[in-house]
Amino acid sequence: MAERTVIPFGPQHPVLPEPVHLDLVIEDERVIEAIPQIGFIHRGLEKLVQKLDYQSFVTVTERICGICAFGHSLGYSETIEVLMGVEVPPRAQVLRVIWHELSRVHSHLLWLGLLADGFGFENLFMQCWRLRERVLGIFEQTTGGRVILNACNVGGVNRDIANEDLRGIVLILDGMRDEYQVLLKTFLKDRSVANRLRGIGMLSKEKAREYGVAGPFARASGIAEDIRSFGYGGYGFLHAFEPILSDECDGYARCQVRAEEVVQSMDIVKELVEKIPDGALSAKVKGSPAAGSRAVSRLEQPRGECFYYAKGNGTKYLERFRIRTPSSDNLAGMVYTMQGCDLADVPMNILTIDPCVSCTER
Amino acid sequence: MGIQITGMALKNLLSRPATKLYPVEPQVYTSQTRGHVDNNIEACILCSICVRKCPATALAVDKEARTWTINPFSCVQCMTCVRVCPRDSLSMLPEYTPVASNMSTRTLVKPEEKPEEA
């Protein structure tokens with residue numbers, strides 16, 4: 001019987017944009033068990049909710065993570081709106097979804113680039129990030145920031161996008177779409193990509209349900225779960241929404257789901273720009289959340305379903321605010337998919353699951 | 001490997017670089033860029049609403065000394081102060097502040113109001 005060895009992986013590793021540590025128990029070159037350890041970038045942001053009033057706290061939620069920044073401010077605002085019974089104007093709802101879907105495009109392009117870099121396809125990495133730059137350009141033109149948008153507040157949005165600027169955004173996305181099709185073809189048709197990703201990190205549909213994985217990780221295992229299909233907020237304006245699924249259950253399927261979601265998000269933005277109503281940008285929010293009031297809301301972040309909980313105490317400070325992020329759901333599934341894989345496949349396995357450690361640790 | 005993107009790669013050989021040679025090529029600010037907060041101190045009434053609302057505690061007002069102070073190293077350009085200002089004396093300007101050699105705050109002094117002539 002081969003001797004068992006423990007190899008530490010991370011928290012600093014070229015494939016990890018953020019720190020997570022894994023103790024890999026290996027036998028020969030095969031991983032028997034992976035023991036995760038998190039807590040390297042815990043900042044205690046949830047506790048800050050007791051020191052900042054509920055309206056100012058949006059600025060903190062936006063800084064939870066650099067990739068899902070707008071999503072967290074949106075999720076927090078929606079939770080407080082449920083807590084206080086605030087009706088958000090339709091134009092604000094649609095603008096929120098447009099920014100959120102653009103965030104998904106930039107997040108997925110960033111991830112596709114990192115994946116290409118992970119398997120040594122430098123040119124593809126650069127092309128993905130070059131395209132992503134245009135989305136960041138749209139953010140800068142419309143909100144003044146490339147990462148921290150500062151566009152969402154409790155009750156609506158802080159700034160408008162003029163209708164002609166919205167049509168300009170669609171033109172930019174249409175220009176990106178042709179170039180993206182070339183990249184999509186490379187990810188989905190190129191033999192070198194398939195050779196590296198097929199059969200990596202298999203997670204069957206039953207196991208995916210058992211471990212409660214979320215987002216593209218779950219959808220690549222054939223679970224049709226996408227909070228967007230409930231039609232909350234601005235998604236209610238969409239004619240139809242079907243989540244992108246795959247039954248292949250491996251790393252290649254995760255790549256395929258994310259790659260196709262980029263096109264889907266571009267389509268959503270295009271449809272919403274045609275349907276955007278005129279009207280107010282923000283509803284007046286007065287008073288404080290009632291003592292003992294509780295609210296939850298769910299949001300489809302680029303990495304999956306994100307769950308928000310807030311509890312009021314009658315003052316302008318919240319009693320408790322809690323986020324359950326998709327990456328914390330996915331960690332259990334990630335550890336499961338590690339069992340039995342080759343040591344050389346561990347980086348690819350982690351990349352295809354795409355854990356966002358900043359969100360997980362807050 | 002990568003036959004599909006050969007055309008794109010060749011096209012890139014003939015096109016301009018995707019990156020900017022900063023600072024030789026200057027940064028272009030958009031009209032929305034959040035560079036730094038400025039205060040039209042003559043319109044300011046030193047009401048301190050901006051101080052109370054600032055999530056980064058970057059602002060301070062001293063009513064007796066008639067000063068409005070901002071710590072640019074704490075400011076996160078969230079524009080909360082600009083939105084809550086009752087006199088619209090605060091504004092967000094697109095230019096970033098120049099590189100500083102020491103961490104200092106910026107203080108504006110409100111001039112004394114002249115007594116109205118009888």
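Two strands are counted as paired if DSSP finds at least two bridges between them. The exercises below apply this to a predicted model.

**Exercise 1.** Determine which strand of chain A holds the residue opposite Ile7(A), and describe the sheet around it.

*Solution.* Begin with strand 1 of chain A, which spans 4-9, and look across from Ile7(A), where Leu24(A) stands in strand 2 of chain A. Next, apply the cut-off of at least two bridges: strand 1 and strand 2 (residues 21-27) of chain A are joined by six bridges and run antiparallel. Then place this pair in the whole sheet, which is open, has three strands in the order 1-2-3 and pairs them in antiparallel fashion. Strand 1 and strand 3 (30-37) of chain A are the edge strands, each pairing on one side only, and neighbouring strands are turned against each other by 20 degrees on average, with direction ignored.

**Exercise 2.** Describe how many residues each chain brings to the contact between chain A and chain B.

*Solution.* Chain A brings 25 residues and chain B brings 17 residues. On the side of chain B that touches chain A, nine residues are nonpolar, six are polar and two are charged.

Conventions: Residues numbered from 1 in each chain as written. Chains lettered and ligands numbered in written order. Predicted model: local features only at pLDDT ≥ 70, side-chain atom pairs only at ≥ 80, totals over all residues. Contact = placed C-beta atoms within 7 Å. Nonpolar A, V, L, I, M, F, W, Y, C, P; charged D, E, K, R; others polar. Helix = DSSP H or I, 4+ residues; strand = E, 2+ residues; numbered from the N terminus. Axes fitted to C-alpha atoms, helices over the stretch in contact; angles between N-to-C directions.
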